[in-house]
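Dear colleague,

I am passing on a structure for you to look over, and below it I have set out what was found in it. Please keep in mind while reading that this is a predicted model.

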Amino acid sequence: MWNLALVTGASSGIGEAFVRRLAHAGTSVIVVARRRDRLDALASELGSIEVLPADLATEKGVDAVAARLANGDVDLLINNAGFGNNRPFHELDDVKAADEIRVNVLALARLTRAAAGPMVANARGGILNVSSIASFQAAPGLGSYAATKAFVTNFTETVHEDLRSTGVKVTALCPGLTRSEFHETADIDGYNRYPAFVWQTADEVAAFGLKALERNTCIAVPGVPNKALTGMAGVLPRALTRRLAGLSKR
């Protein structure tokens, strides 16, 4: 279905799973991440891969990716890059806190805009923004991450409606616990205490996200446990869900 995709955060986890699925389906892929060695390894293995190293926490990195999107040949953008910091907000390092917002919010919004213009002009395309079930409620200890993902979900809903009649599909993918490097990178201890049935593989999440985009689903939550959690978050009083989230950190 897609001719050329650009995937950010492509060096591991869900991003790498997207790249592999797209490449195996015959889609050419531009891979974006900070770690060039991993991108080069993907290119050597899969073929039809264009390597674009970029740090999306920097203006230079975002500019480079936006310039590539401006060529107008990318018909699928997957904004997957993102990370979290597992600390109460007042204990966060200033640089890490700012970088989290730059990558999760500012870069995603800028690249969505850079891709949307040419896609609308071509009357076709797809934008898949990777959010999280954390976007639906407060997440003490991961508060800045949850807040950035709340932006992603809300922002993607808006863009979905803005582009409804243009031929461009827009989806927010909101996974839950996923086997990837996220928890180690965020310095989250004890995450293995959660039962096996609530976990998904990165490939399962990527497959679900691509199918949801094909259907132009606005908000896509993979997995029955995740659907139940997000459903409860929408029904229960916010004070209760906030308190329960706080207790779960202890």
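I begin with helix H2, where the exposed residues Asp37 and Ser44 sit on the face turned away from the buried side of the helix. The buried residues of H2, which spans residues 36–46, are Leu39, Leu42 and Leu46. Viewed down the axis of H2, these buried residues fall within an arc of 60 degrees, so they line one face of the helix. Just after H2 comes Gly47, which takes a positive phi of about 70 degrees.

The other finding concerns a pair of helices, H3 (residues 59–69) and H4 (residues 94–122), which pack at an angle of about 15 degrees, with their axes 8 Å apart. Since angles under 35 degrees count as roughly parallel, H3 and H4 are therefore roughly parallel to each other, and their crossing is right-handed. On the H3 side the contact is made by Val62, Asp63, Val65, Ala66 and Leu69, which meet Ala107, Arg110, Leu111, Ala114, Ala115 and Pro118 in H4.

Key: Residues are numbered from 1 along each chain as its sequence is written. This is a predicted model: local features need pLDDT of at least 70, side-chain atom pairs count only at pLDDT 80 or more; totals for chains, interfaces and linings use all residues. Side-chain values use heavy atoms; hydrogens and water are left out. Axes are lines fitted to C-alpha atoms, for helices over the stretch in contact, and angles run from 0 to 180 degrees between N-to-C directions. Helices (H or I, at least four residues) and strands (E, at least two) are DSSP runs, numbered from the N terminus. Angles under 35 degrees count as roughly parallel, over 145 as roughly antiparallel, 65 to 115 as roughly perpendicular and the rest as oblique. A crossing is left-handed if the near helix is turned anticlockwise from the far one by less than a right angle, and right-handed if clockwise. Contact means heavy atoms within 4.5 Å. Buried means under 20% relative accessible area, exposed over 50%, partly exposed in between (1.4 Å probe, protein chains only). The arc is that of the directions from the helix axis to the C-beta atoms.
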